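Here is a note for a colleague who is meeting this structure for the first time. Please keep the model open while reading the numbered points.

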Amino acid sequence: TIVSVFLFCILDIILLVNYLFTLNYSNIKSLYILIMTNIIYCFPNFVKLDIYLIIQYIVFVLPFTLVIGFIYNKNAISIFFNYTEKLSKYIFFLAIIYTIILFSGSFTYNGYVRLDVFSYGDIAYALLPFLISDLMYFIDTKKKIILFRCVFYFVVIIYTGTRSAIMCCALAYIICLFIFFTKSNKSKKEVMNIMLRIVIICLILFGLINAFLPEGSRLNVVKDNFIYELGNKNKLYVYDVINKQTKDINSVFEYNIVNNSYTKDETEKILHDDIKNKTGKYIIVEDNKNNEAEQFTYKYNRPNLWNTAFKEFLKHPVFGNGIFHYQSKYVGTFPHNLVLEIMADFGLIGLFVIIWFIYGIIQNLFKSIKRGNNSDWKLYVFILSYFPQYILYTTLYNNGIFIFSILALVYSI
């Protein structure tokens, strides 16, 4: 949104100024790493010659690299998280205001609350870093008020209906719980009792959320769509001319879209013309179902996106299909799974790199816990908590938290 862009531009200027003040002769290498990483990561945008993507990169992605650069130049991991912990007190009140708006039913659009200046995703991912930071702060302080704040953030994020952010919250709780037990001297019996209480509290919490779900919550829309897709068993069956068998029309469209060099929209037009003109080159439909078949479109839901991404990968499994292949063919979307997009575009080579990246982050987390370093482990918990976003929503390209994580790993080498 315009407001998001404006806020990010102000943030960019603040971060750039602060980063420049951290530079000196001793950290020139850090600057070189930051510049080279940005050039390599932004390279696909230059290849595509898309000015909009380049501007989007500068405004929304570059700030993440400046943050991690500032942290390592000043050796200020603890300062960074202390700052977010202090700021969380004020963000907490904004979360309360958003909750009041949800229950009041103001600013509704298509059945859920949507503020014109922010999307539901903006709200969820604005609260997420403070939830993660507060969880780690609770491990250090054991203050119950901090835990209450974490639970409240989680409830608000659930109300936004942002599935990837909800899963990020859940993973953050699991990781922090593991570290809490690792750092404590409790017996196995005490640990099991705590775990049982946590399970009971979670069940009660989810029961209350479901019982008191405000009409303005987008979670209602997500639930309705899920129930509809689960119960929608009525499929249109047609004859697949190429494979010489009767199949549901979604599978036939998917096969033809994947197995040619046209875009998804161009393939759909060819198939619709084939149905309309009854040429029988690709699809044969019963006369009484012709109108329904003519109006069919291959929907961009997650199962379809993931299926097509994996099948694009199988076409060229070693080196992939090339930069921006998936997004160029399936115009207007991406696989909503960073790993599958890497596989579709860069094949097994890309998959090996992402596995190395995940292994490196997890390895660094365990090393920092073993050293008892109260700063480093927080950074890697923060990074790992965003992993569900990689497999449920985000894209490989112009991904701020992804390049933040890459630079954190590079700087640690």
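1. Some terms come first, beginning with the bend at a residue, which is the angle between two axes, one fitted to the seven residues ending there and the other to the seven starting there. Helices (H or I, at least four residues) and strands (E, at least two) are DSSP runs, numbered from the N terminus. The model is predicted, with local features requiring pLDDT of at least 70 and side-chain atom pairs counting only at pLDDT 80 or more, while totals for chains, interfaces and linings use all residues. Residues are numbered from 1 along each chain as its sequence is written, and side-chain values use heavy atoms, with hydrogens and water left out.

2. Helix H3 covers residues 51-73, and its 23 residues reach 31 Å from the first C-alpha to the last, close to the 33 Å expected at 1.5 Å a residue; the expected span is 1.5 Å times one less than the number of residues. At valine 61 in H3 there is a kink of about 40 degrees, shortly before proline 63. Just after H3, asparagine 75 has a positive phi of about 50 degrees.

3. Is tyrosine 57 buried or exposed? Tyrosine 57, which is found in helix H3, counts as buried at 3% relative accessibility, where buried means under 20% relative accessible area, exposed over 50%, and partly exposed in between (1.4 Å probe, protein chains only). Leaving aside neighbours within four places in sequence, tyrosine 57 is in contact with Asn38, Tyr41, Cys42, Asn45, Leu62, Asn398 and Ile403, contact meaning heavy atoms within 4.5 Å.

4. Leucine 15 lies in helix H1 (residues 2-21) and is buried, with a relative accessible area of 18%. Not counting residues up to four places away in sequence, leucine 15 touches Pro63, Leu66 and Val67.

5. Where do residues other than glycine take a positive phi in the loops? Most residues other than glycine have a negative phi, which makes the following cases worth checking. Histidine 336 has a positive phi of about 55 degrees and lies in the loop between helix H14 (325-329) and helix H15 (338-371); histidine 336 is buried, with a relative accessible area of 13%. Asparagine 398 has a positive phi near 50 degrees, and its place is in the loop between helix H17 (387-392) and helix H18 (400-412); asparagine 398 is buried too, with a relative accessible area of 16%.6. Strand S3 (residues 237-240) and strand S4 (residues 245-248) run antiparallel and are joined by 4 bridges, two strands being counted as a pair if DSSP finds at least two bridges between them. The bridge partner of tyrosine 239 in S4 is threonine 246. The hairpin of S3 and S4 has 4 residues between the strands, and lysine 244 there takes a positive phi near 55 degrees.

7. The open sheet has 3 strands in the order S4-S3-S5, with antiparallel pairing. S4 and strand S5 (283-284) stand at the edges, each with a single partner strand, so one side of each has no neighbour in the sheet. S3 and S5 pair over 2 bridges in the antiparallel sense, and aspartate 240 stands opposite isoleucine 283 in S5. Helix H10 (residues 249-258) packs on the sheet and touches S3, S4 and S5, with its direction making about 100 degrees with that of S4; axes are lines fitted to C-alpha atoms, for helices over the stretch in contact, and angles run from 0 to 180 degrees between N-to-C directions.

8. The largest nonpolar core has 109 residues, and those with the most contacts inside it are Ile157, Phe253, Ile283 and Leu365. Helix H5 (residues 120-141) gives the largest share of this core, 12 residues. A nonpolar core is a set of buried Ala, Val, Leu, Ile, Met, Phe, Trp, Tyr and Cys residues joined through side-chain atoms within 4.5 Å.

9. Which residues does phenylalanine 253 contact, leaving aside its neighbours within four places in sequence? They are Glu268, Leu271, His272, Ile275, Ile283, Phe296 and Tyr298. Glutamate 268 is placed in helix H11 (residues 264-277) and counts as buried at 6% relative accessibility.

10. Helix H6 (residues 144-160) is mostly covered, with 12 of its 17 residues buried, among them Arg149, Phe152 and Ile157. Just after H6, glycine 161 takes a positive phi of about 75 degrees.
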